Structures are given as structure tokens and as C-alpha cells.
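Welcome, and please take a moment to look over the model shown here. The report after it is a short tour for someone meeting this structure for the first time.

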Amino acid sequence: MEGKESNKQVIDMSCVRDIVSKFADRDDPNLISVLQQAQDEYGYLPKSVLKEISSVMDIPLTRIFGVVTFYSQFTLTPRGRHSIKVCSGTACHVKGAEGVKQKLRDELQINEGETTPDYQFTLETVACIGTCFLAPVMMVDERYYGKLTADKTSDIVGTYSNKKLGSE
Ligand code: FES
């Protein structure tokens, strides 16, 4: 069975069954572990995948949605290959985080909470990430970058991009 999302992307459901079957022998199949592995596989949790999990595990879809929306680790929308998190804590704000965010908005042409159309980047703001001495700070995936300026920000993100940002 295949599922279709609203963007007409066809999703292979065989992976869902493989993931669920790994837990089938357990007395208490762990829904969160299944959801984590499904998200690792698909990059996010498409609604069709959640319906398949509901069907295969015989768990009401409303309960699954409840779990997915409760835990911030899960996402119902596709995310970029790279996650950019700009700190908006007080120290970073005072040291110019807004300029960093504006540079990212301008160059990536997305706002916070959005993903670029080519799925390269997802842009988010976060509360203090504990490296105030480096303010303003952002994380790209798991790596920290500090004492940012607009130009430095552009250069850093450009190294993650398939093409230099801002050039066509
Ligand atoms: S306020 Fe940004 S790292 Fe603390």
C-alpha cells in the first residue's frame, strides 16, 4: 500500500511495516520508538504513515496524534537536511541576534519555523542554549557558531549549501 500526501509525494509504506514488525514480538510494543524510527526513515511523520502505524499497531489515530504533538522531537512537516537554530535569549538579543536572523531570513527566503523549498534548511529560533559568552549564537545541526555577524552567518550557512547563498 502506498500513501499520498497533499503535495502528491508517494510514500512507500513497506518501511512502516518493517519498523513495526521489529517491535511485534514484544509484550508492549513501544509507540514512541516506532514513531522515532519512522521519523528517522521518512525525515518527518507524514499523516499517511501515522494512519498506517495506527492500523498495523491497532492504536487509535487520535492517540498517535496526541503523542506526536506532545513531544517536540516529532514533526508532521518535512524538515530541511540542515537545522539552523538561532538563539533568541537575552544575551544574544543584546549582542545582535536580530541581525543574524534577518540575514538568514533574507538569504534563505524563509521565516522562522519554515523550510526552504529545496529542503536544504529549516530555520528556527530557540531560547538560551547555554553559550552566552559566544553571543550571538546559532547552531547548524549539532554544531555551535558564536560571535556572529551578518557576513559571518552568511559564510557559515553557505558552507552547508550546495551553492553559495545569495548567488543565482
Ligand atoms: S542567550 Fe544566547 S546562548 Fe545564552
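This is a predicted model: local features need pLDDT of at least 70, side-chain atom pairs count only at pLDDT 80 or more; totals for chains, interfaces and linings use all residues.

Residues are numbered from 1 along each chain as its sequence is written, and side-chain values use heavy atoms, with hydrogens and water left out.

Let us begin with the largest nonpolar core, which has 23 residues. Such a core is a set of buried Ala, Val, Leu, Ile, Met, Phe, Trp, Tyr and Cys residues joined through side-chain atoms within 4.5 Å. Leu31, Leu35, Val49, Ile53 and Ile64 have the most contacts inside this core. At least two of its residues come from each of H1, helix H2 (31–42), helix H3 (47–57) and helix H4 (61–70). Another core, of 15 residues, lies apart from it and includes Val86, Leu104, Leu108 and Met138. In soluble globular proteins, nonpolar side chains tend to be buried together.

Helices (H or I, at least four residues) and strands (E, at least two) are DSSP runs, numbered from the N terminus. The axes of H2 and H4, which are lines fitted to C-alpha atoms over the stretch in contact, with angles from 0 to 180 degrees between N-to-C directions, come within 11 Å and cross at roughly 70°. H2 and H4 are therefore roughly perpendicular to each other (65 to 115 degrees). On the H2 side, Leu31, Ile32 and Leu35 meet Ile64, Val67 and Val68 of H4; contact means heavy atoms within 4.5 Å. Leaving aside neighbours within four places in sequence, Leu35 has contacts that include Leu45, Leu50 and Phe74.

Now for some single residues. Buried means under 20% relative accessible area, exposed over 50%, and partly exposed in between (1.4 Å probe, protein chains only).

| Residue | Relative accessibility | Class |
|---|---|---|
| Met13 | 0% | buried |
| His82 | 10% | buried |
| Cys92 | 3% | buried |
| Cys128 | 46% | partly exposed |

Met13 sits in the loop between strand S2 (10–12) and helix H1 (14–22). Its C-alpha atom is 8.4 Å from that of Ser48, 35 residues apart along the chain. His82 belongs to strand S3 (residues 82–87). Not counting residues up to four places away in sequence, His82 touches Gln120, Phe121, Thr122, Val140, Asp141 and Tyr160. Finally, with a disulfide taken as a pair of cysteine sulfur atoms within 2.5 Å, the count comes to 0 disulfides.

Methods: Angles under 35 degrees count as roughly parallel, over 145 as roughly antiparallel, 65 to 115 as roughly perpendicular and the rest as oblique.
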